[in-house]
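Me: I am new to this structure and would like to learn how to read it. Please take me through its features in turn.

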Amino acid sequence: MAGMLNRLKEFARSPQGRRAAEQARRAAADPRKRAQAQRLLGKLRGRRH
C-alpha cells in the first residue's frame, strides 16, 4: 500500500499530475460539470437521481 501512495504522490508532483489537478479544479468550478459528476457518483453508489 505504501508503494501505491508513493506512486500517487509522484504523479501529483509531475507535470501531468499538475495538469490533471488543474483540469479537475476547473471542472469542479463549472456547475454543469459538477451536476454531471454528482449524477455519475450517484449511479456508481446505486442511487438514481
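**Reading the model**

Reply: S14 counts as buried, with a relative accessibility of 15%. Buried means under 20% relative accessible area, exposed over 50%, and partly exposed in between, with a 1.4 Å probe and protein chains only. This is a predicted model, in which local features need pLDDT of at least 70 and side-chain atom pairs count only at pLDDT 80 or more, while totals for chains, interfaces and linings use all residues. Residues are numbered from 1 along each chain as its sequence is written, and side-chain values use heavy atoms, with hydrogens and water left out.

Me: Where is S14 found?

Reply: Helices (H or I, at least four residues) and strands (E, at least two) are DSSP runs, numbered from the N terminus. S14 sits in the loop between helix 1 and helix 2.

Me: How many helices and strands does the protein chain have?

Reply: There are 3 helices and 0 strands, in the order α-α-α from the N terminus. Along the principal axes, the C-alpha atoms fill a box of roughly 35 × 25 × 10 Å.

Me: What span should helix 3 have?

Reply: The expected span of a helix is 1.5 Å times one less than its number of residues. Helix 3 (residues 31-45) has 15 residues, so it should span 21 Å, and its end C-alpha atoms are 21 Å apart, which agrees. Just after helix 3, G46 has a positive phi of about 95°.

Me: Is L40 buried or exposed?

Reply: L40 belongs to helix 3 and counts as exposed, at 52% relative accessibility.

Me: How many salt bridges are counted?

Reply: A salt bridge is a side-chain nitrogen of Lys or Arg within 4 Å of a carboxyl oxygen of Asp or Glu. The count comes to 2. E22 pairs with R25, with the closest N and O atoms 3.2 Å apart, and E22 also pairs with R26 at 3.7 Å, N to O. Together, E22, R25 and R26 are linked in a network of salt bridges.

Me: Where in the chain do these residues lie?

Reply: E22 and R25 are both in helix 2 (residues 15-29), 3 residues apart, about one turn of the helix. E22 and R26 are 4 residues apart in helix 2, so about one helical turn separates them. E22 is partly exposed at 34% relative accessible area, whereas R25 is exposed at 53% and R26 is exposed at 52%.

Me: Which residues make the nonpolar surface patch?

Reply: Patches are made of residues with over 30% relative accessible area and no salt bridge: like charges are joined within 9 Å, nonpolar side chains (Val, Leu, Ile, Met, Phe, Trp, Tyr) within 5 Å. Here M1, M4, L5 and L8 make a patch of about 490 Å². M1 is in the segment before helix 1 (2-13) and counts as exposed, at 82% relative accessibility.

Me: What share of the 49 residues is buried?

Reply: Buried residues make up 6% of the 49 residues.

How values were computed. Accessible areas come from the Shrake-Rupley method with a 1.4 Å probe; for residues, only the protein chains shown count as cover.
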